[in-house]
Amino acid sequence: MKFVAEKLFDGFSTCFRQHRAVGTHCRFLHGYAVSFRVTFEGSLDHRNWVFDFGGMKRATHKIFGMAPADYFSYLLDHTVLISQTDPALEDFKKLDRENVIRLRILPEVGCERLAEHLYNCINDFLQLETSGRVRATKVEVLEHHKNSASYMESQDA
């Protein structure tokens, strides 16, 4: 038997541009009050917790050299997320150098791809932090209270 716990991370103001969304308004810069929910699964620790949610601030292991909570803020707090394939990438880099935006470049953008990115980062972190005792089975990214997208472990896993 396994236990499941969920944690909502919120309070992020993030701007996207989905250059492949031709014919829709999503090809323009647009912002959201982004939040994301992580579903953790595993056995209980000595405190009877699946995962110490405060451990995202005081973790031993890092995500890209930062405590997980710091990485989430770095990635999502008052930032502009752009795909590395965006044809206007050099323009966005220039705005970042000029301190007009805080640019974050991902392989692809959008809620689905952001959920995938966070899922992979969090699972890499959890593998180290819990010696494999806990994993994230799902990450749901919410643009706002009406729209969300998730990335989850395959049912075949």
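The questions and answers below go from the whole chain to single residues.

User: What should I know about the model and its numbering before reading values from it?
Analyst: This is a predicted model, in which local features need pLDDT of at least 70, side-chain atom pairs count only at pLDDT 80 or more, and totals for chains, interfaces and linings use all residues. Side-chain values use heavy atoms, with hydrogens and water left out, and residues are numbered from 1 along each chain as its sequence is written.

User: In what order do the elements of the chain run from the N terminus on?
Analyst: Helices (H or I, at least four residues) and strands (E, at least two) are DSSP runs, numbered from the N terminus. The chain has four helices and six strands. Their order from the N terminus is β-β-α-α-β-α-β-α-β-β.

User: What is the radius of gyration of the chain, and what would a compact globule have?
Analyst: The radius is taken over C-alpha atoms, and the globule rule is 2.2 Å times the number of residues to the power 0.38. The C-alpha trace spans about 50 × 30 × 25 Å along its principal axes. For 157 residues the rule gives a radius near 15 Å, which agrees with the chain's 17 Å.

User: What percentage of the residues in the chain is buried?
Analyst: Buried means under 20% relative accessible area, exposed over 50%, and partly exposed in between (1.4 Å probe, protein chains only). Of the 157 residues in the chain, the buried share is 45%.

User: What share of the contacts in the chain with a separation of 6 or more joins residues 24 or more positions apart?
Analyst: A contact means heavy atoms within 4.5 Å. Among contacts with a separation of 6 or more, residues 24 or more positions apart account for 62%.

User: Is T79 buried or exposed, and which residues does it touch?
Analyst: T79 is found in strand β3, residues 79-83. Its relative accessible area is 2%, so T79 is buried. Not counting residues up to four places away in sequence, T79 touches S13, T14, C15, Y74, R102 and R104.

User: Which residues is P107 in contact with, leaving aside its neighbours within four places in sequence?
Analyst: P107 lies in the loop between β4 (103-106) and α4 (111-129). It is partly exposed because its relative accessible area is 48%. The C-alpha atoms of P107 and I82 are separated by 8.3 Å, although the two are 25 residues apart along the chain. Leaving aside those neighbours, P107 is in contact with S83 and Q84.

User: How many disulfides does a search of the whole structure find?
Analyst: A disulfide is a pair of cysteine sulfur atoms within 2.5 Å. The search finds zero. C111 is in no disulfide, and the nearest cysteine sulfur, that of C26, is 9.3 Å away. C121 is also in no disulfide, and its nearest cysteine sulfur is 16 Å away, in C111.

User: Are C111 and C121 buried or exposed?
Analyst: C111 has 6% relative accessibility and so counts as buried. C121, with a relative accessible area of 8%, is likewise buried.

User: What is the phi of F64, and where does F64 lie?
Analyst: Most residues other than glycine have a negative phi. Phi of F64 is positive, near 50°. With a relative accessible area of 60%, F64 is exposed. It lies in the loop between α1 (55-58) and α2 (68-76).

User: What is the phi of N99?
Analyst: N99 lies in the loop between α3 (89-97) and β4. Its relative accessible area is 71%, so N99 is exposed. Phi of N99 is a positive value, near 65°.
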